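Let's walk through a structure together, starting with the overall fold and working down to single residues. Keep the viewer open as you read.

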Amino acid sequence: MKVYIRKMMKHDMTHEVSITQYVYYEFFGGKSSVSFQIRGDGYMYNVTFNDATDLRFGTDFKSMCRMLDVKEGDFLIMKRIGDDLYS
């Protein structure tokens, strides 16, 4: 099982969250979008990958972080639970 752990930084709280190409291809499979399901929350969050100057989480990623009340210094632990589906 692959797990991606990210510590949220101040910049992540005010801007789009960047990821490396390695994470994009090796963990997210180079997909244009994936879905996230939060434990206990029946809602599916659609997250696209924007590529302006670097790869970034788009669409529902910030909404998902607000729902989880993510703060600077928190760790996000992402796990693949199916094809294009993450928790």
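A word on the ground rules. This is a predicted model, with local features needing pLDDT of at least 70 and side-chain atom pairs counting only at pLDDT 80 or more, while totals for chains, interfaces and linings use all residues. Residues are numbered from 1 along each chain as its sequence is written, and side-chain values use heavy atoms, with hydrogens and water left out.

Start with the secondary structure. The chain has three helices and six strands, where helices (H or I, at least four residues) and strands (E, at least two) are DSSP runs numbered from the N terminus. Going along the sequence, you get the pattern β-α-α-β-β-β-α-β-β. The chain is as compact as a globular protein of its length, because its radius of gyration is 12 Å, close to the 12 Å that the globule rule gives for 87 residues. That radius is taken over C-alpha atoms, and the rule is 2.2 Å times the number of residues to the power 0.38.

Of the 87 residues, 32% count as buried; the cut-offs are under 20% relative accessible area for buried, over 50% for exposed, and partly exposed in between (1.4 Å probe, protein chains only). The exposed surface comes to about 5500 Å², with carbon and sulfur atoms supplying 51% of it; the areas come from the Shrake-Rupley method with a 1.4 Å probe, and for residues only the protein chains shown count as cover. As for contacts (heavy atoms within 4.5 Å), residues 24 or more positions apart account for 55% of those with a separation of 6 or more. On the charge side, the mean positions of the 12 positive and 12 negative charges are 4 Å apart. Here Lys and Arg count as positive and Asp and Glu as negative, with His and the chain ends not counted, and each charge is placed at NZ of Lys, CZ of Arg, CG of Asp or CD of Glu.

So what does the inside look like? The largest nonpolar core has 23 residues, and those with the most contacts inside it are Tyr4, Ile19, Phe28, Phe36, Phe57, Phe61 and Met78. Two or more residues each come from helix 2 (21-27), strand 2 (33-37), strand 3 (44-51), strand 4 (55-57), helix 3 (61-67) and strand 5 (75-82). A nonpolar core here is a set of buried Ala, Val, Leu, Ile, Met, Phe, Trp, Tyr and Cys residues joined through side-chain atoms within 4.5 Å.

Leaving out residues up to four places away in sequence, Met78 touches Lys2, Val3, Tyr4, Phe27, Phe28, Phe36, Phe57, Phe61 and Ser87. Ile19 sits in the loop between helix 1 and helix 2, yet counts as buried because its relative accessible area is 7%.

Another loop residue to look at is Met8, between strand 1 (3-7) and helix 1 (10-14). Is Met8 buried or exposed? At 1% relative accessibility, Met8 is buried. Beyond its neighbours within four places, its contacts include Met13, Val17, Cys65 and Leu76; Leu76 is 68 residues away in sequence but 7.3 Å away in space, C-alpha to C-alpha. Lys71 is in contact with Met8 and Met13, again leaving aside neighbours within four places. Lys71 belongs to the loop between helix 3 and strand 5 and is partly exposed, at 45%.

That loop also holds Asp69, which has a positive phi of about 55° although it is not a glycine. Asp84 is likewise not a glycine and has a positive phi of about 60°; look for Asp84 in the loop between strand 5 and strand 6 (85-86). Asp69 is partly exposed at 48% relative accessibility, and Asp84 is partly exposed at 32%.
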